[in-house]
Amino acid sequence: MSEVFKIAIIGSGPAGMSAAAHAARKGLSHVLLEKTDHLSDTIYRYQKGKHVMATPSVLVLRSDCEFDAGKREKILEQWDADVKAAGVNVRFNADVKAITGDQGDFTIELTKGAPIRAENVILAIGTQGNPNLMRCEGANLPHVQYQLDDPGEYTDEHIFVVGSGDAGIENALGLAADAAQGNTVTILNRSADFARAKKANVDALMATRDAGRMTVMTETTPSLVEPGWITVDTPQGSSRHRCDRIIARMGASPPRKFVESCGIAFASDSPGAFPTLSPTFETTKPGIYVIGALAGYPLIKHCMNQGYDVVEFIMGVTDLEPADEPLLKEKLAGLPGNRKVSEWLAFLRENVEILNGLSPLQMREFLLDSDVRAYKADEAIFIRNAPGSSVFGIASGSVKVEVDPSNPNITVPIGKGSIFGEVGLISGRKRGATIRAAEPTICIEIPRMAALKLMAQVPEARDTVNRITSERQVLQIFKSGLTPADIQEVLAGAEVMEVRPGQAIINEGDVSDDLYIIRSGSMIVEKNLGGKPVFMSYVPAGSYSGEMAMIERSPRVATVKAAIRSTVVKLPAEPFRRLLSRKPELRKRMEEEMHARKEINAFIESQKEEFGGAVDMYSSVANFLIKQGIGEATDVLLIDESLCVGCDNCEKACADSHDGISRLNREAGTTFANIHVPTSCRHCEHPHCMSDCPPNAIRRGPDGEVFISDTCIGCGNCQRACPYGVIQMDKPPPKKPPLWEWMLFGKGPGPGQPSYEWRKKATKAEGAESPKLAIKCDMCSGKPGGPACVRACPTGAAIRVTPDAFLSVARVDRR
Amino acid sequence: MSDVAGHTERVRQRTHEGFLAYKGFRWAQVATALCVVAVGVYFVAASRLAEPPSGGSWLGYLLGTMSAGLIVWLACLGIRKRVITAGHYSLKAWVSAHVYLGLSLVVLGTLHTGFQFGWNVHTLAYALMMLVIASGALGIWAYATLPERLHGNRGETTRKQMIEAVESLDRQLADLAQPLDRAGAEVVRRSIEDTEMGGGFWTRLTNDHRGCANKRAMVQLRALPNPPSARQAEALTRIEQVMKQKDAVLTKARRQMQITAMLEGWLFVHIPATFALLAALTAHIVSVFAYW
Ligand SMILES: Cc1cc2nc3c(=O)[nH]c(=O)nc-3n(C[C@H](O)[C@H](O)[C@H](O)COP(=O)(O)OP(=O)(O)OC[C@H]3O[C@@H](n4cnc5c(N)ncnc54)[C@H](O)[C@@H]3O)c2cc1C
Ligand code: HEM
Ligand code: HEM
């Protein structure tokens, strides 16, 4: 066998290429193995002309190859030249299939050709190897593809792009770029926000959507693929669309089997885990190093820096300062403990549970987005009702939660390793309680976006957040003096389930006895009466369902299904029954609630016999409202069309009690049986508008209202995110003359939102230009009389209701 | 959450009842009680006085003052409706009281006059009051019966959508008219340019659109001589279809405008008559004191 290289580098992406170039510059004997016939296949396969971004911009590049934001072609050309100039020993068409041997003498087997020997191996094969596959029915049909080479290839097709990362967005943009191609492009995103994608891409996507060239469907997943058609699940239910081609870009998992076969261990069993790495990128198999996307670092700049660094490490350099070190140093300066950056990273990662699953490298990146803070004993970390949506992790010390606002001495401790502020992740509500350090404490504050990203990347973190949220929710729902210790057994078997709209978690007549907690979304309870499903009740988030079968060991008496996309926690019955027998107080509480619910059911059933029509009406109205998304509302404006005279005084009052713009459109919206749901904010439980607000200007106020604060930058994300179209981008019109002048002399435009013409003239006269900002209903926050739209309705047609109040049995009474 | 500093607990109008039934007909009861007492006192007083109590008696003064106060308060509804203050008030409650107390004026005002009418400013004020009340009653009829028709007619289409629908049909007409000769193009042009959706208040109220340009264009279209080419014939058929569609949209929009006009038309009597009433009333009071 021929020569033994000092370093064999597998994969010529930005990471491997940079490593090879540095090895070449340092005069090390090396070989760069690339399975294709060109460098950097991942970037090679980007769309033609793709603008490659060089983020994070604060990070300095340390590599023997150059890289700056620019067109794909230019960058590839540059790298070809750099690699040549450095004198890299490249071997193309060298597909590595196995690595055997140990440090100092590895044998690298290729699919064809003689094996290669090397002392050290750098694995930089990226993650492109195995794209995540679509799993719904029909996903194996030939028109489902995982790669898009040339978007110009397709014309006049209905194309669905599945996936919300950069790759998917860029494919979709490419397909929609040229209107002359006549493609009808739709992009599906499983979640409400595009947390994984770069902002510039998201901006471009939204601009394209607004120009009407693309449809963006969020919180949507494909459920069935048929030739020519696709069926998708949306928060409003499932729908079927024309579809000639599906491009699935749902990310990729590391080619784990191959990596593991080399003797490299991964951080965990979860499919999203990365190889366990030392700070020098060495794997658990000494002599094999992993860098780049495979190590969990998907950005080109990071990859290139790591290529340089790893070669330095192999050469025996131990005191190399990572490229982001200065940034982190600055961030951590002034904290107690005198730790070095690497020690901080390890300290935080080991002590804060949700960070356990991060690799040291991911931890570095993560810390760039977060903040570490030290608190003195009794110092407030946040105050009840303060705005804020970040999550805190306790790295050392502990905190106390002031659970009773009237008595700050009643506190509940949260210990080291745990998190708090997690509600902010879900709704961005104001802080529910004041939290203070119980002793000198060090916390890491994770902004909402970074936390969402963490949960998306590291399944362990998601599981931990879920577990903690479940625990706190169970304690909160059942109260009765339960402690975390009491419910551990119940929680051990808990299962978090995503439920599609319309999907049943409990079926009438089934023999099953688990208990369900509604974490987000809401459920409706239906019972089959006389062959028709009759609406029984509405179960909002933060409540439970399924207790009857659990307590009475009887078959299910009704069907419980999701009103909107929901998350529920399934608690197994047996441990819960044991909990009930241990806690008579809880048992009593639940039995009382159960009897109350039973009475309601019995009442509706008896009414159904006597006044079938009224109950049917109630049931169908309830179903209509659920279809309108009322299930996710917390407070919604409804108009009784048998009373509404169309005077639009509600709109006028809205405009006049705000800065001249009506936030509601009475006429628009849908109607059923005299109930009109106008276009106006419902103050959703989990507001879609909040999902991606760069300045975090959308908050929830003390009355539950979702409002936009004056830090709005007018980016329009919320307007695009709102499925109900209740947010407008506008600027407040100039001030009108006082009302009496209009009444007496007809001066000015009169009450209500001034006409466009008047505004144009008055703005010109005023001269000042103001920016367009996002405007939406704030439920007349701060006005003691409550919402003006309702107060100003002369006939009582306008009412504001919470869904549970409106969908209550009281409605049956009103025959 | 009411304990938060700076946060005011607020009222929500969740109860779903119309203005007539507001708070279990509270104002109807108040107004009835007022009338019953007034009638009772009137006849007791009448049996004791030599003459029936006129406006000049103590009872007359009392009833007159009450009536005038009520009238002024009733007229204030026009302001209440438009000044959106932040405090606790409900326009529904105001309207409920307005309606029933306004109706009670029939009794209070009439008793005040002592049934002495003549051709003078006093009786003018009285007549105007009755006119305002009668128009108000008409309004109640409109409010009670028309909303269902209003919303039933439009379904889920908004005014804006109706206008846009007509505009889009007009664009189609313009495109379709391309192959036509001059006479044909002229007919289409008239439909596009001369069609008026609404018109004046009276037209809207009566929904009398016999002169509708689109309707006339449809008649003229049928009267056109047979076109020479198949292409033109085809265009003419399509144009007729589109004009029919336009007619349907117009009919719906106009019916909508008619109902709206009926819903607000009575206010065109109610409000001006209120102003006239206030003027006449002032004259009445001034004259009464002047001739005292
Ligand atoms: C569409 C898209 C757009 C992106 N846009 C950007 C951007 O704008 N900015 C940015 O910073 N990042 C971007 N990224 C991410 C970035 O491209 C990747 O994370 C980066 O290329 C990873 O580099 P790498 O060197 O780790 O692996 P890769 O670039 O994936 O390179 C791996 C190389 O290894 C080779 N290989 C794989 N298996 C074997 C084997 N068994 N034997 C031999 N060779 C093998 C492959 O052929 C490939 O050439 C984007 C990614 C995608 C998919
Ligand atoms: C402050 C309120 C009022 C005062 C002080 C007042 C006073 C009087 C007086 C003194 C008379 C008797 C005049 C006479 O006998 O010659 C009178 C009569 C009359 N008042 Fe009033 N009045 C008031 C309000 C009203 C109102 C609100 C109306 C109705 C709109 C009204 C309608 C009449 C009529 C129709 C008569 C009968 C006139 C007649 O005798 O020919 N008054 N009023
Ligand atoms: C003399 C007595 C009355 C006076 C002076 C009076 C005056 C007024 C005024 C000024 C308005 C405001 C209209 C606007 O600005 O839009 C109004 C509205 C109204 N009035 Fe009267 N009114 C009187 C009696 C009545 C009566 C007896 C009724 C009913 C039977 C009635 C029913 C109404 C109704 C329904 C409205 C409309 C409320 C709304 O849509 O906002 N009024 N009235």
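Trainee: Which domains of chain B does the shell around ligand 2 draw at least three residues from?

Mentor: Keep in mind that this is a predicted model, where local features need pLDDT of at least 70, side-chain atom pairs count only at pLDDT 80 or more, and totals for chains, interfaces and linings use all residues. Residues are numbered from 1 along each chain as its sequence is written, chains are lettered from A and ligands numbered from 1 in the order in which they are written, and side-chain values use heavy atoms, leaving out hydrogens and water. Domain bounds come from an automatic or database domain assignment. With those bounds, at least three shell residues come from each of domain 1 (1-116) and domain 2 (123-292) of chain B.

Trainee: How many residues surround ligand 2?

Mentor: Here a residue is near a molecule if one of its heavy atoms lies within 4 Å of it. The closest ones include B:His112 and B:Val288. Altogether, the number surrounding ligand 2 is 22.

Trainee: Which helix gives the largest share of that shell around ligand 2?

Mentor: Helices are DSSP runs (H or I, at least four residues), numbered from the N terminus. In chain B, α2 (58-75), α4, α5 (121-154) and α11 (267-290) each give two or more residues to the shell. The largest share, six residues, belongs to α2(B).

Trainee: How many charged residues does the shell around ligand 2 have?

Mentor: Asp, Glu, Lys and Arg count as charged, Ala, Val, Leu, Ile, Met, Phe, Trp, Tyr, Cys and Pro as nonpolar, and the others, Gly among them, as polar. Sorted that way, the shell has 10 nonpolar and 12 polar residues. As for charged ones, there are no such residues.

Trainee: What is the distance from a polar side-chain atom of B:His112 to a nitrogen atom of ligand 2?

Mentor: Let's start with another side chain: B:Asn120 has an N or O atom 3.2 Å from an oxygen atom of ligand 2. For B:His112 and the ligand's nitrogen atom, the distance is 2.7 Å.

Trainee: Why does B:Glu148 count as partly exposed?

Mentor: You'll find B:Glu148 in helix α5 of chain B. Buried means under 20% relative accessible area, exposed over 50%, and partly exposed in between (1.4 Å probe, protein chains only). B:Glu148 counts as partly exposed because its relative accessibility is 43%.

Trainee: Which helix of chain B has the highest mean pLDDT?

Mentor: pLDDT is the predictor's confidence in each residue, from 0 to 100. Chain B has a mean of 87, while α6 (residues 159-176) has the lowest mean among its elements, 82. The highest, 95, goes to helix α4 (residues 91-113).

Definitions and conventions. A polar contact is a pair of N or O atoms within 3.5 Å; within protein, one must be able to donate a hydrogen and the other to accept it, and residues adjacent in sequence count only if both atoms are side-chain atoms.
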